[in-house]
Amino acid sequence: SHLGTGGMESKLSAALLASDAGVPVLLAAAADAATALDDASVGTVFAPRAERMSARRFWVRYAAEPAGALTLDDGA
C-alpha cells in the first residue's frame, strides 16, 4: 500500500540474509507470535545455514554492487 515500505519481499529477503548469517528466523504475524513460538502451527521457519558463510562470500552475496559492461565485437 501507499503506507508500506516493502511488504513480503522485504521480509523474505531479510529472513534469507539472517539465515545465511547463521541466525534462525521465525516469520509470523505479531498477533500469532506466542502461538508460533509455542507449537509452530503458524508462521514460517527459516533454518540457519549449517555452516556459516565466510565473511567475503557473505559480502559478495549481499553487499557488493555488481558493475561492468559486456562488449561483443564482430569476431565474437
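Start by selecting Asp20: it is buried, with a relative accessible area of 6% (buried means under 20% relative accessible area, exposed over 50%, and partly exposed in between, using a 1.4 Å probe and protein chains only). You're looking at a predicted model, where local features need pLDDT of at least 70 and side-chain atom pairs count only at pLDDT 80 or more, while totals for chains, interfaces and linings use all residues. Residues are numbered from 1 along each chain as its sequence is written, and side-chain values use heavy atoms, with hydrogens and water left out.

Now show what surrounds Asp20. Leaving aside residues up to four places away in sequence, Asp20 touches Arg49, Met53, Phe58, Arg61 and Tyr62 (contact means heavy atoms within 4.5 Å).

Next, colour helix 1, where Asp20 sits. Helices here are DSSP runs of H or I with at least four residues, strands are runs of E with at least two, and both are numbered from the N terminus. Helix 1 has 14 residues and reaches 20 Å from its first C-alpha to its last, close to the 20 Å expected at 1.5 Å a residue (the expected span is 1.5 Å times one less than the number of residues). Pick out Ala15, Ala18, Ser19 and Asp20, which are buried in this helix.

Go back into helix 1 (residues 7–20) and select Ala15. Ala15 is buried, with a relative accessible area of 4%. Its contacts, not counting residues up to four places away in sequence, are Val25 and Phe46.

Last stop: the rings. The structure holds 1 aromatic pair. Select Phe58 and Tyr62, whose ring centres are 5.0 Å apart with planes at 50 degrees, so the pair is tilted. (Rings of Phe, Tyr and Trp, with its six-membered ring, pair if their centres lie within 6.5 Å; planes under 30 degrees apart count as stacked, over 60 as edge-to-face and the rest as tilted.) Where do Phe58 and Tyr62 sit relative to each other in helix 3? They are 4 residues apart in helix 3 (residues 55–62), so about one helical turn separates them. Check the surface too: Phe58 is partly exposed at 23% relative accessibility, and Tyr62 is partly exposed at 27%.
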